[in-house]
Amino acid sequence: MSDLSRARVEAFLEMLSAERGAAQNTLASYERDLDDLSDFLSGRKVSLGAASREDLTAYLSDLARRGFQPTSQARRLSAMRQFYKFLYAEGLRGDDPTTILDAPKKARSLPKVLSVQDVTAMLSRAEEEAGLEGPEQPARIRRLALLELLYATGMRVSELVSLPVKVLTQEGRFLLVRGKGNKERLVPLSRTALEALARYGKFRGADPAQADSPFLFPAASKEGHLPRQVFARELKDLAIRAGLSANAVSPHVLRHAFASHLLGNGADLRAVQELLGHSDISTTQIYTHVLDERLQHLVHTHHPLAKQAKNPD
């Protein structure tokens with residue numbers, strides 16, 4: 001780094017310390033980032049103070065090539081923006097080359113998904129425990145009903161725990177769910193979910209303390225129904241007893257499992273969108289990796305050329 005560039009970086013860091021009270025760790029981080037930028041620019045025979053928008057865009061591309069994650073690239077861009085804004089404000093540059101630089105796009109992380117075997121293990125364990133007699137049996141039967149409903153419908157946990165008690169008296173295999181924005185949608189129930197619901201309904205009806213509650217899963221909480229945090233905790237405990245990692249299981253992960261397992265078995269993406277209650281198909285498209293895998297399998301299994309490759313004779 002040239003003496004002039006070093007002086008400008010030091011003036012910038014001094015401003016951050018004096019005017020913004022930046023911590024020493026923050027100052028050291030900015031200095032490292034600007035040193036790295038300066039090293040890159042020197043390879044292009046450009047000084048730090050004279051870098052153009054094209055130079056800075058090339059630097060961001062170089063960070064990506066070096067394997068920097070979008071979050072790390074965004075931090076470097078933030079340092080660059082503050083540095084060049086400082087130079088412009090101090091009259092050391094006639095423009096700010098970072099004003100129209102695009103921030104690196106963060107990769108959308110894929111949702112955690114349980115395998116069919118994992119979910120089956122949890123359901124089997126919940127079913128087994130629900131059959132054990134004793135004072136805790138109603139709670140175990142409730143847990144089974146919650147789990148069956150969640151996996152059968154892919155409901156949000158907030159939708160699940162706040163279901164109305166009238167669900168017990170409705171006919172047919174469809175459940176009316178009230179979701180975000182008070183939007184309603186119909187979701188079909190599996191046979192095992194219907195059976196678990198009916199079984200739970202008998203125990204609930206036999207408890208006079210729950211008779212007047214408007215909720216399917218009443219509780220002595222501020223909301224009047226089972227808190228979602230309580231169910232999430234019960235789910236993690238059940239996962240451990242089923243031989244799974246507690247960190248791998250949550251109500252939201254089971255919602256993802258519902259969607260992924262449907263798509264993996266041939267369901268249409270639009271249908272899954274409706275079942276999940278997504279207003280925009282782009283939200284559901286986080287599951288397209290499942291479709292990609294299914295399509296690859298279909299091509300490898302059924303395409304004539306793929307068959308020829310398997311049977312060259």
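Serine 5 counts as buried at 5% relative accessibility, where buried means under 20% relative accessible area, exposed means over 50%, and partly exposed lies in between, with a 1.4 Å probe and protein chains only. This serine lies in helix α1, which covers residues 3-20; helices (H or I, at least four residues) and strands (E, at least two) are DSSP runs, numbered from the N terminus. Leaving aside neighbours within four places in sequence, serine 5 is in contact with Ser47, Leu48 and Gly49, and contact here means heavy atoms within 4.5 Å.

The model is predicted, so that local features need pLDDT of at least 70 and side-chain atom pairs count only at pLDDT 80 or more, while totals for chains, interfaces and linings use all residues. Residues are numbered from 1 along each chain as its sequence is written, and side-chain values use heavy atoms, with hydrogens and water left out.

## The chain as a whole

The chain has 14 helices and two strands, and buried residues make up 42% of its 313 residues. Among the contacts with a separation of 6 or more, 58% are between residues 24 or more positions apart. The chain exposes about 17700 Å², of which carbon and sulfur atoms supply 52%; accessible areas come from the Shrake-Rupley method with a 1.4 Å probe, and for residues only the protein chains shown count as cover.

## Salt bridges

Side chains of opposite charge can pair when their charged atoms come close. The structure holds 21 salt bridges, a salt bridge being a side-chain nitrogen of Lys or Arg within 4 Å of a carboxyl oxygen of Asp or Glu. The table sets out three of them.

| Aspartate 62 | Arginine 65 | 3.9 Å |

Aspartate 62 and arginine 65 are separated by about one helical turn, because they stand three residues apart in helix α3, residues 53-65. Aspartate 62 is buried, with a relative accessible area of 16%, whereas arginine 65 is exposed, with a relative accessible area of 63%. In helix α5, residues 116-130, glutamate 129 and arginine 125 are four residues apart and therefore also separated by about one helical turn. Glutamate 129 is buried at 7% relative accessible area, while arginine 125 counts as partly exposed at 28%. Salt bridges that share partners join Asp33, Asp36, Asp62, Arg65, Arg66, Arg75 and Arg76 into one network.

## Arginine 255 and the listed positions

For "active site", an unreviewed UniProt entry lists Arg156, Lys180, His252, Arg255, His278 and Tyr287; the positions are given in the numbering used here, feature names are shortened, and annotations may be inferred rather than shown by experiment. Arginine 255 lies in helix α10, residues 251-264, and is buried, with a relative accessible area of 4%. Which residues does arginine 255 contact, leaving aside its neighbours within four places in sequence? They are Gly154, Met155, Arg156, Arg185, Leu276 and His278. The side chain of arginine 255 also reaches the backbone oxygen of glycine 154 at 2.6 Å.

Phe174, Leu176 and Leu186 form a nonpolar patch on the surface, with about 300 Å² of accessible area together. Patches are made of residues with over 30% relative accessible area and no salt bridge, where like charges are joined within 9 Å and nonpolar side chains (Val, Leu, Ile, Met, Phe, Trp, Tyr) within 5 Å. Phenylalanine 174 is found in strand β1, residues 174-178, and counts as partly exposed at 47% relative accessibility.

Lysine 45 has its place in the loop between α2 (24-43) and α3, and is exposed, with a relative accessible area of 77%. The phi of lysine 45 is near 60 degrees, a positive value in a residue other than glycine.

Phenylalanine 215 is found in the loop between α8 (191-205) and α9 (228-241). Not counting residues up to four places away in sequence, phenylalanine 215 touches several residues, including Ser162, Leu163, Pro164 and Val165. The C-alpha atoms of phenylalanine 215 and leucine 226, which are 11 residues apart along the chain, are separated by 8.9 Å.

Note on methods. A polar contact is a pair of N or O atoms within 3.5 Å; within protein, one must be able to donate a hydrogen and the other to accept it, and residues adjacent in sequence count only if both atoms are side-chain atoms.
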